[in-house]
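Please look over the sequence and the coordinates below before reading the report. The text then moves from the whole chain to individual elements and residues.

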Amino acid sequence: MPKTAHYKLERFSRLPCPRPVILRPSTDADLPAITAIYAHAVQHGTGTFELEAPDAAEMARRRADVLDKGLPWLVAEDAGRVLGYAYANHFRPRRAYRFCLEDSIYLADDARGRGVGRLLLAELMARCEAAGARQMLAVIGDSANGGSIGVHRALGFEHTGVLKASGWKFGRWLDVVLMQRALGTGASTAPADA
């Protein structure tokens with residue numbers, strides 16, 4: 001898929017908004033919205049265990065790191081407004097992990113429950129598979145994060161474990177839920193550069 005192309009996906013018919021959502025690669029111009037969406041997640045949510053919201057320069061650095069690896073960082077937009085974003089990064093930096101990616105998805109508060117996360121994750125998986133990834137992991141903050149767990153389950157991720165009480169945020173212990181899904185041929189064949 002060309003990196004500069006825009007993708008228009010119709011919303012699921014059961015969702016309330018009739019307009020299509022555009023999924024596209026993020027641009028530098030999206031950084032203020034990306035920074036604000038993530039800041040809200042840090043300050044009000046348990047999906048990330050980060051305790052202080054990074055500034056725009058740090059978010060730009062993180063995005064550049066992902067893009068420099070040839071990995072996708074996507075945004076969903078509706079009528080010119082960024083509703084959310086998703087990206088994939090290597091699960092761990094060692095070379096043996098190069099076919100295993102971890103997804104991250106964050107939505108504006110008013111975009112939750114509208115199918116935007118599902119659209120972003122489906123497109124992210126397709127792009128990662130096309131790039132040769134074989135496994136995608138979801139490392140989900142808070143075992144009570146039903147929205148994220150449900151979106152991943154709906155797209156074929158399987159529960160692989162829980163790291164109990166591994167984070168302390170908002171005065172309480174939080175679990176981490178691990179989910180995994182094979183991409184492409186998964187582990188059934190060796191990668192081309194093996």
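**The chain as a whole**

The model is predicted, and its protein chain contains four helices and eight strands, which follow one another along the sequence in the pattern β-β-α-α-β-β-β-α-β-α-β-β. Of the 194 residues in the protein chain, 43% are buried. When contacts between residues at least 6 apart in sequence are considered, 60% of them join residues at least 24 apart. The protein chain exposes about 10,200 Å², and carbon and sulfur atoms supply 54% of this area.

**Helix α2**

Helix α2 spans residues 56-68, and its 13 residues reach 18 Å from the first C-alpha to the last, which is close to the 18 Å expected at 1.5 Å a residue. Which residues of α2 are buried? They are M59, R63 and V66, and because they cover an arc of only 60° around the axis, they lie on the same side of α2. In general, an α-helix has 3.6 residues a turn, so residues three or four places apart point the same way.

The buried residues of α2 pack against α1 (31-44), β3 (73-78) and β4 (81-90), whereas the face turned away from the buried side carries the exposed residues A57 and D68. At the N-terminal end, α2 is capped by D55, of which a side-chain oxygen lies 3.3 Å from the backbone nitrogen of A57. Just after α2, G70 takes a positive phi of about 80°.

**Strand pairings**

Strand β5 (residues 100-107) is largely enclosed by the rest of the structure, because six of its eight residues are buried. This strand takes part in an antiparallel pairing with β4 and in a parallel pairing with β6 (residues 135-141). The table lists these two pairings together with that of β7 (residues 158-169) and β8 (residues 172-182).

| Strands | Sense | Bridges |
|---|---|---|
| β4 and β5 | antiparallel | seven bridges |
| β5 and β6 | parallel | four bridges |
| β7 and β8 | antiparallel | eight bridges |

N89 stands opposite E102 in β5, while the bridge partner of C100 in β6 is Q135. L163 stands opposite V176 in β8. The hairpin of β7 and β8 has two residues between the strands, and in this hairpin F170 takes a positive phi near 55°.

R24 is buried, with a relative accessible area of 9%.

R92, by contrast, has its place in the loop between β4 and β5, where R92 is partly exposed, with a relative accessible area of 41%. Along the sequence R92 and E102 are 10 residues apart, and in space they are 8.9 Å apart, C-alpha to C-alpha.

Terms used:
Residues are numbered from 1 along each chain as its sequence is written. This is a predicted model: local features need pLDDT of at least 70, side-chain atom pairs count only at pLDDT 80 or more; totals for chains, interfaces and linings use all residues. Side-chain values use heavy atoms; hydrogens and water are left out. The expected span of a helix is 1.5 Å times one less than its number of residues. Buried means under 20% relative accessible area, exposed over 50%, partly exposed in between (1.4 Å probe, protein chains only). The arc is that of the directions from the helix axis to the C-beta atoms. Contact means heavy atoms within 4.5 Å. A polar contact is a pair of N or O atoms within 3.5 Å; within protein, one must be able to donate a hydrogen and the other to accept it, and residues adjacent in sequence count only if both atoms are side-chain atoms. Accessible areas come from the Shrake-Rupley method with a 1.4 Å probe; for residues, only the protein chains shown count as cover. Two strands pair if DSSP finds at least two bridges between them.
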